[in-house]
Amino acid sequence: MNLRRPRRPRPVAVATLAGLALAGTLAARSTGSAGSAATASVLPAIRPEAIRAHMRFLSAGQLEGRAPDSRGYALAAAYVAAQLEALGLKPAAAGGSYLQKVPMRKATLDEERSSFVLIRDGKEERLDLPGECFLLPDRARTETTVEGPVVFAGFGITAPELQHDDYAGIDAKGKIVATVWGAPSRFEATERAHFSSNQLKQENAAAHGAIGYIALMTPDDLKRYRWDWLLPQARAGTMGWLDDSGTPNDSVPAIRGIGRLNDAGGKRLLQGAPKAAETIFAAVRDGKPPVFDLPVKARLTTFSKHTGFDSSNIVGLLPGSDARLRDEQVVVSAHLDHLGLCPPREGDNVCHGAYDNASGVAVLLELARVFASQPPAPRRSLLFAVVTGEEKGLLGSDYLSRHPVGPGTVVADVNIDGAPGILYPLADVVALGIEHSSLKQPVEEAARAVGYALSPDPMPEESIFVRSDQYSFVRQGVPSVFLVDGGKSSAPDIDGLALTRTWMTTLYHTPGDSMAQKFDFDSAAQGARFCALITEKVAQAAARPTWNRGDFFGVKYGR
């Protein structure tokens, strides 16, 4: 995923006996019965040392960063499958396997043959690639060129339900649309994240007749995500899963070229605009960027190299104990993949992904062990899904949500992307998505049981809600929750939010996210207990989760 923090002291955060008793009482009350055997013992059963051991293996240098198309990922997947088998979970994929095959295509840019050219007053200006711009490789085509006038469409968002439409005053038909990242800050955090999606913006541009798309990075964007940090990830290529016809998922055929500009490239594009670049970017901060035609054409020429391969989701099923409810699945998800090899840091060229997301997989495996080892099982079935391709666009979870495994219907997803509390002892958590569905109640009860406060997203500008796997399930109409640290620590000398921001700008998606970091496994175990209690409450409840009446995501995607 996308959010974490660095070193700090190691205090202990474990539940008190009173907290354990309260948790059992709440869980039993939520089921209307005595609850499952897991209810009474799930809290003390989580093992900090098991979380550490799983993380140590999955983030080892020998796995070379677990890129979805790598031997290291295949080894990691085999390890997770073996763990699920040892726990006695049933293989949930086709053919009695723990591995759900995900057919994929990787596209990388041929930089020497590709180009981004501005045409102004009949004169051509070639932007420096990669110094000022980068072109996204095309997963559907190996060669494509698009040329047309450029229109600046602000955020590129059409949201009549939120009284916002950047296309209201412009005509994008036959043009290349340029937008800035993000969405207006007045939007609610998860809705802001949804409309910040570049995929959604490309689809919206195509719906308005656009033939190409350009994303501009503002100076504020580049403070959070340096160009020299983004570039190696862009050069690593894009991926997509393939449907039965061989078409990549989320393909937008009308958009025949996609470019990204840094500050220098953006200023060249905006030369001659009705407003100065600084004025435009100031309006972006205020959530009200102008829209206008630019006195320039652009020609984007993209040459892409394609490679086909199979990756896999790892899926294990714990059948429910209730004959009426066992055909309803509660999914517990975590992504296994990371970035693979990356630019060296202190002699290390492996992006280990220890926190992001070996830690989440480790917590998932502990939850699977607890539920599998303490019968009877919860009333609903639990599907433990360790997915591929999250770092490349939520690919594995998107595939799984569209190609469900095992019997019955998915009714909820509890997503773990970064073990809650592993980097500092938590005083609060953010449960992204609970404001949209009845999941709010079990999450609130579980938080009280382990002593966490619930807080709103402290960094809505990061659009975290659409950057992890629960969003794939939301888009298929499934109420979901994604659990992240809230930024407040129970240790008085730790500023959790400052730690978070530092982590994101120094260690995120670098070789520094390794086991050399100072992790707090006792605190992580407490975070795992929180995840377990939520899962247990949802799986035991008499009624499946439902969208709130009139909810934004429920109306858009609910079923």
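Guide: Start with the link between Cys342 and Cys351, a disulfide with an S to S distance of 2.2 Å. A disulfide is a covalent bond between the sulfur atoms of two cysteines. Here the term is given to a pair of cysteine sulfur atoms within 2.5 Å. By this rule the count comes to one disulfide. The link of Cys342 and Cys351 is right-handed, with 115° about the S-S bond. Both Cys342 and Cys351 are buried. Buried means under 20% relative accessible area, exposed means over 50%, and partly exposed lies in between (1.4 Å probe, protein chains only).

A word on the basis. This is a predicted model, in which local features need pLDDT of at least 70 and side-chain atom pairs count only at pLDDT 80 or more, while totals for chains, interfaces and linings use all residues. Residues are numbered from 1 along each chain as its sequence is written, and side-chain values use heavy atoms, with hydrogens and water left out.

Cys133 has a relative accessible area of 0%, so it is buried. Cys531 is also buried, because its relative accessible area is 0%.

Next, a serine in a helix. Ser359 belongs to helix H11, residues 354-373. Helices (H or I, at least four residues) and strands (E, at least two) are DSSP runs, numbered from the N terminus. Ser359 counts as buried because its relative accessibility is 0%. What touches Ser359, leaving aside its neighbours within four places in sequence? The residues in contact with Ser359 are Met55, Ala354, Gly418, Ala419 and Ile422. Contact means heavy atoms within 4.5 Å.

The peptide bond from Pro375 to Pro376 is cis, with omega near 0°. Another cis peptide bond runs from Leu129 to Pro130, with omega near 20°. Pro130 sits in the loop between strands E4 (123-126) and E5 (133-135). Most residues other than glycine have a negative phi, and most peptide bonds are trans.

On phi, take two aspartates. Asp121 is not a glycine, yet has a positive phi of about 55°. Asp121 is in the loop between strand E3 (115-120) and E4. With a relative accessible area of 77%, Asp121 is exposed. Asp250 also has a positive phi of about 55° without being a glycine. Its loop runs between E11 and strand E12 (258-261). Asp250 counts as partly exposed, at 22% relative accessibility.

Now to E11 itself, residues 238-241. Thr238 and Gly240 on one side are buried, and so are Met239 and Trp241 on the other. Strand E2 (residues 99-109) runs antiparallel to E11, and four bridges join them. Two strands pair if DSSP finds at least two bridges between them. Ala107 stands opposite Thr238 of E11.

Strand E9 (residues 176-180) is largely enclosed by the rest of the structure, because five of its five residues are buried. One side of E9 carries Ile176, Ala178 and Val180, and the other carries Val177 and Thr179. Strand E6 (residues 143-152) runs parallel to E9 and is joined to it by three bridges. There, Val150 stands opposite Ile176. E9 also pairs with strand E10 (residues 212-216), in the parallel sense, over five bridges. Thr179 has Ala215 of E10 as its bridge partner.

Two helices come next. Two packed helices are described by the angle between their axes and the distance between the axes. H13 (residues 440-450) and H16 (residues 521-540) pack at about 145°, with axes 9 Å apart. Axes are lines fitted to C-alpha atoms, for helices over the stretch in contact, and angles run from 0 to 180 degrees between N-to-C directions. From H13, residues of this contact include Pro442, Val443 and Glu445; from H16, they include Arg529, Phe530 and Leu533. The residues of the contact divide into 10 nonpolar, one polar and three charged. Here Ala, Val, Leu, Ile, Met, Phe, Trp, Tyr, Cys and Pro count as nonpolar, Asp, Glu, Lys and Arg as charged, and the others, Gly among them, as polar.

Last stop, a loop glutamine. Gln476 is in the loop between helix H14 (470-474) and strand E21 (480-485). Gln476 counts as partly exposed, at 21% relative accessibility. Leaving aside neighbours within four places in sequence, Gln476 is in contact with Ser401, Arg402, Tyr557 and Arg559.
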